[in-house]
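Let's work through a few exercises together, each with a solution that goes step by step. Have your viewer open as you read.

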Amino acid sequence: MTDLLTRRFGTLGPYSPLFYDRPLEFVRAEGVWLTDANGDRYLDGYNNVPHVGHAHPRVVAAIAEQAATLNIHTRYLNDRVVDYAERLLATFDAAIDRIVFTNSGSESNDLAFRIATQHSGASGILISDFSYHGHTQALARVTTGLRTHEGLGPHVRTLRIPDLDGADRGRPAEEVLDAALREADEAIASLQAAGFGVATVLFDSLFSTEGLNRVPSGYVSGLAARVRRAGGLVIADEVQSGFGRTGRSFWGHRNHGIVPDLVTMGKPMGNGHPLGGVAMPAALLDEFGPRNMYFNTFGGNPVSAAAGLAVLDVLEDEGLVERAQRNGQVIREALARLGAEHPWIGAPKGDGLFFGVEVYDRPAFAAGALPDPARTKAVVEAMRDRRVLISRIGRHDSVLKMRPPLAIQAPEVDLLLATFADALTSVA
């Protein structure tokens with residue numbers, strides 16, 4: 001392990017982050033289980049990229065078969081990418097009927113920005129004040145949840161996302177909603193007064209980086225309506241919440257009752273194979289396409305399309321979205337019970353199979369309770385010692401973050417919850 005770390009730092013540098021005080025070296029994985037170099041198995045309660053399970057045999061076979069047959073780019077005709085586009089678009093509302101494939105969520109969001117700025121003739125962007133949507137230069141200028149040298153662009157205005165289970169707990173939902181939408185009105189007016197106008201708002205419907213905030217009903221739809229009235233487009237980043245992660249809907253934005261103008265995707269859509277995309281109405285693509293010769297050498301190649309098709313097949317054939325809903329309900333009820341036993345953790349947060357709790361320095365609902373990042377980290381490390389992987393998120397790194405592959409089954413859910421209960425007791 002020490003030798004591997006030395007070699008890593010000597011090639012990749014020391015700046016790419018590693019999980020845990022004692023980093024883990026994995027050598028293989030299957031379903032929701034990872035095996036380390038010592039042969040020890042770990043339950044994966046964290047990784048959303050292998051969406052239908054690590055090394056799913058149907059996805060692996062689809063990739064291998066297509067790679068052994070043909071892999072080209074979209075400047076040649078091939079039915080595999082069209083088959084995938086048709087299947088994927090059928091999961092959206094009818095208004096969204098075109099897709100451009102990319103390699104990653106970062107590429108997808110960058111392209112969505114280009115489409116929105118061209119459509120609107122404006123450059124102003126609304127973003128959460130603690131979020132992350134990718135690593136391109138344009139996205140670095142709107143990144144608020146990670147350190148970036150570029151810093152926030154002058155064309156960007158940030159919004160504090162309300163959280164009825166966090167910073168806004170105890171306040172009436174209507175009061176929280178009114179204040180949050182007034183903040184959006186002020187941000188839009190500021191962009192217009194500065195001459196930037198409004199090009200778009202970009203959001204993750206789970207507000208995952210923010211800490212899985214529970215927003216008041218009507219917040220996302222109200223924000224979208226305001227942006228559209230100002231001439232901008234609405235971009236829903238579905239990297240975290242899409243493909244059935246919430247259980248309630250195939251796409252996270254549907255949980256807020258909206259149809260976005262642009263939907264961006266990445267990570268889970270290929271189960272780890274590099275695959276991303278931007279879905280939109282035909283009118284937007286017809287507006288963008290004639291003025292830009294956009295192509296992507298690897299976006300939409302047959303091997304990636306085969307991976308994407310296999311993921312859709314597995315989601316349907318194994319009933320993984322419905323399973324996410326069932327397991328999510330079991331988990332939510334268990335987290336509520338654990339909160340009664342350990343009052344220093346807050347209410348269950350998240351949706352479906354993306355869930356967690358915030359950790360406080362005293363009973364969560366006591367006066368003066370503050371987020372406790374040190375105790376949060378201690379729980380994560382205690383879980384790692386018990387061979388279950390989770391992480392932490394949020395403005396203070398105080399929200400425990402769990403999002404296992406959708407392949408997780410009831411006995412594995414029980415193991416995750418039992419281990420979590422034990423870890424909470426040990427830290428308390």
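The chain is divided into domain 1 (3-55 + 319-427) and domain 2 (58-317), with bounds that come from an automatic or database domain assignment. This is a predicted model, in which local features need pLDDT of at least 70 and side-chain atom pairs count only at pLDDT 80 or more, while totals for chains, interfaces and linings use all residues. Residues are numbered from 1 along each chain as its sequence is written, and side-chain values use heavy atoms, with hydrogens and water left out.

**Exercise 1. Describe the interface between domain 1 and domain 2.**

Step 1: begin with the distance. The C-alpha centres of the two domains lie 25 Å apart.

Step 2: look at the contacts (heavy atoms within 4.5 Å). Here 35 residues of domain 1 are in contact with 36 residues of domain 2.

Step 3: turn to the buried area, which is the accessible area (1.4 Å probe) that two parts lose on being put together, summed over both. It is about 2800 Å², and carbon and sulfur atoms give 54% of that. On the domain 1 side, His 51, Asp 351 and Arg 395 lose the most area to domain 2, together 23% of what that side buries.

Step 4: count the salt bridges, each a side-chain nitrogen of Lys or Arg within 4 Å of a carboxyl oxygen of Asp or Glu. Asp 351 forms a salt bridge with Arg 248, and their closest N and O atoms are 2.5 Å apart.

**Exercise 2. Find the residues that touch the most other members of the largest nonpolar core.**

Step 1: set the rule. A nonpolar core is a set of buried Ala, Val, Leu, Ile, Met, Phe, Trp, Tyr and Cys residues joined through side-chain atoms within 4.5 Å. Buried means under 20% relative accessible area, exposed over 50%, and partly exposed in between (1.4 Å probe, protein chains only).

Step 2: apply it. The largest core has 67 residues, and Leu 88, Met 265 and Phe 420 touch the most other members. Helix α9 (residues 302-317) gives the most to this core, with 9 residues; helices are DSSP runs (H or I, at least four residues), numbered from the N terminus.

Step 3: zoom in on Leu 88. Leaving aside neighbours within four places in sequence, its contacts include Phe 101, Trp 251, Met 265 and Leu 312.

**Exercise 3. Which parts of the chain does the salt bridge between Asp 313 and Arg 87 tie together?**

Step 1: check the pair. Asp 313 forms a salt bridge with Arg 87, with the closest N and O atoms 3.0 Å apart.

Step 2: locate both ends. Asp 313 lies in helix α9 and Arg 87 in helix α3 (residues 79-89), so the pair ties together parts that are 226 residues apart in sequence.

Step 3: Asp 313 is partly exposed at 25%, and Arg 87 is partly exposed at 30%.

**Exercise 4. Is Glu 381 buried or exposed?**

Step 1: find its partner. Glu 381 forms a salt bridge with Lys 377, the closest N and O atoms being 3.5 Å apart. Both lie in helix α11 (residues 373-385), 4 residues apart, about one turn of the helix.

Step 2: compare with the cut-offs. Glu 381 is buried, with a relative accessible area of 13%, whereas Lys 377 is partly exposed at 27%.

Technical notes: Helices (H or I, at least four residues) and strands (E, at least two) are DSSP runs, numbered from the N terminus.
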